[in-house]
Amino acid sequence: MNKLIILKIEMSCGDVNDCISPAVLCDEENRVLVDCGYVGSLPKIEEALRQNGLTPEEITHIILTHHDHDHMGAAAAFKQKYPDVLILASAGEEPYVSGTKKSLRLEQAERLQSGLPEEEKAFGEAFCELLRSVEPVPVDRALREGELLPFCGGCQVLATPGHTPGHISLWLREFDTIISGDAAAIEQRRPVLPNPRFTLDIKRAEDSMRLLLSHPARYVLCYHGGLFEKENNSEPL
Ligand SMILES: [Zn+2]
């Protein structure tokens with residue numbers, strides 16, 4: 001039987017505490033982890049998998065919605081320890097995930113650094129250091145917009161650019177659910193754009209979030225904030 005398992009993992013990263021919700025798509029042949037935690041979080045991911053009756057060894061694929069440190073932070077460590085896992089990311093994110101191009105998030109953070117007020121400069125530099133510590137991981141397969149992956153009876157790749165240019169979300173028809181990555185987050189039970197300050201293209205991010213919220217799928221699983229049911233369809237933005 002196909003299953004969508006939502007991991008709930010408490011993370012702390014410097015002063016920031018966060019609860020993330022990576023998903024695992026389980027079908028007869030595959031165990032697909034969607035997004036892979038902060039830098040250094042592999043032990044927590046392994047533990048969360050075990051708590052949910054899975055082992056890290058049985059993960060067949062990792063899909064990365066985008067190249068941010070909190071989504072691909074442990075992907076390289078995972079691949080090193082469990083080399084059979086295949087890494088999937090969109091063609092647009094592939095150069096940043098694999099490290100052939102410099103992280104756009106790091107470029108942005110370095111650019112912002114000079115304009116920060118004195119009291120925020122140390123935080124800004126620590127953030128840049130954190131981004132520099134993200135280990136790239138080769139992408140085994142680049143995904144195309146609209147592509148239908150065979151997981152759980154069909155998992156469609158939705159292009160949801162804005163947060164990063166090649167950001168993707170996943171539509172799981174069987175579960176009536178979209179996995180949003182960072183195309184939307186939940187705060188106070190409402191969908192919002194995560195970290196608008198770090199969103200690379202606000203206009204496109206707003207359009208992507210609108211797309212998710214107007215999509216017929218009933219649920220949106222947000223990496224930051226968990227599962228959201230679009231019952232009284234909240235007004236986007
Ligand atoms: Zn994130």
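Colleague: Which residues does Ile62 touch, leaving out those up to four places away in sequence?
Modeller: Leu33, Cys36, Ala75, Phe78, Val85, Ile87 and Leu88. Two residues count as touching, or in contact, if their C-beta atoms, placed from the backbone, lie within 7 Å. Bear in mind that this is a predicted model, where local features need pLDDT of at least 70, side-chain atom pairs count only at pLDDT 80 or more, and totals for chains, interfaces and linings use all residues. Residues are numbered from 1 along each chain as its sequence is written.

Colleague: What makes a set of residues a nonpolar core?
Modeller: They must be buried Ala, Val, Leu, Ile, Met, Phe, Trp, Tyr or Cys residues joined through C-beta atoms within 7 Å. "Buried" means that 20 or more other C-beta atoms, again placed from the backbone, lie within 10 Å of the residue's own; 12 or fewer makes it exposed, and anything in between is partly exposed. The largest such core here has 64 residues, and Ile62 is among those with the most contacts inside it, together with Leu25, Cys36, Leu64, Ala75, Ile87 and Leu170. Over the whole protein, 42% of the 237 residues are buried.

Colleague: Why is Lys121 called exposed?
Modeller: Lys121 has 12 other C-beta atoms within 10 Å, so it counts as exposed. Lys121 lies in helix H6 (residues 118–132), and it touches Gln113 and Leu116, not counting residues up to four places away in sequence.

Colleague: How do you know that the buried residues of H1 sit on the same side?
Modeller: In H1 (residues 42–51), the buried ones are Leu42, Ile45, Ala48 and Leu49. They cover an arc of only 125 degrees around the axis, so they share one side of H1; the arc is that of the directions from the helix axis to the C-beta atoms. Those buried residues pack against strand S2 (9–13) and helix H3 (75–81), while Pro43, Arg50 and Gln51 are exposed on the other side. Just after H1 comes Gly53, with a positive phi of about 75 degrees.

Colleague: Why are S1 and S8 said to stand at the edges?
Modeller: They belong to an open sheet of 6 strands in the order S1-S4-S5-S6-S7-S8, with mixed pairing. Strand S1 (3–6) and strand S8 (141–143) each have a single partner strand, so one side of each is left without a neighbour in the sheet. Neighbouring strands of this sheet are turned by 25 degrees against each other on average, direction ignored.

Colleague: What makes S5 and S6 a pair?
Modeller: Two strands pair if DSSP finds at least two bridges between them. Strand S5 (residues 31–34) and strand S6 (residues 61–64) run parallel and have 3 bridges, so they pass that cut-off.

Colleague: Why is strand S10 described as largely enclosed?
Modeller: S10 (residues 155–159) has 4 of its 5 residues buried, so the rest of the structure largely encloses it. S11 gets the label because 4 of its 5 residues are buried too. S10 and S11 (residues 168–172) run antiparallel, joined by 5 bridges; Ala159 has Ile168 as its bridge partner, and Val157 stands opposite Leu170.

Colleague: Which strands form hairpins with S10 and S11?
Modeller: S9 forms one with S10, with 5 residues between them, and Cys152 in the turn has a positive phi of about 50 degrees. S11 forms one with S12, with 4 residues between the strands, and Asp176 there takes a positive phi near 55 degrees. The antiparallel S11 and S12 (residues 177–181) share 3 bridges.

Conventions:
Helix = DSSP H or I, 4+ residues; strand = E, 2+ residues; numbered from the N terminus. Axes fitted to C-alpha atoms, helices over the stretch in contact; angles between N-to-C directions.
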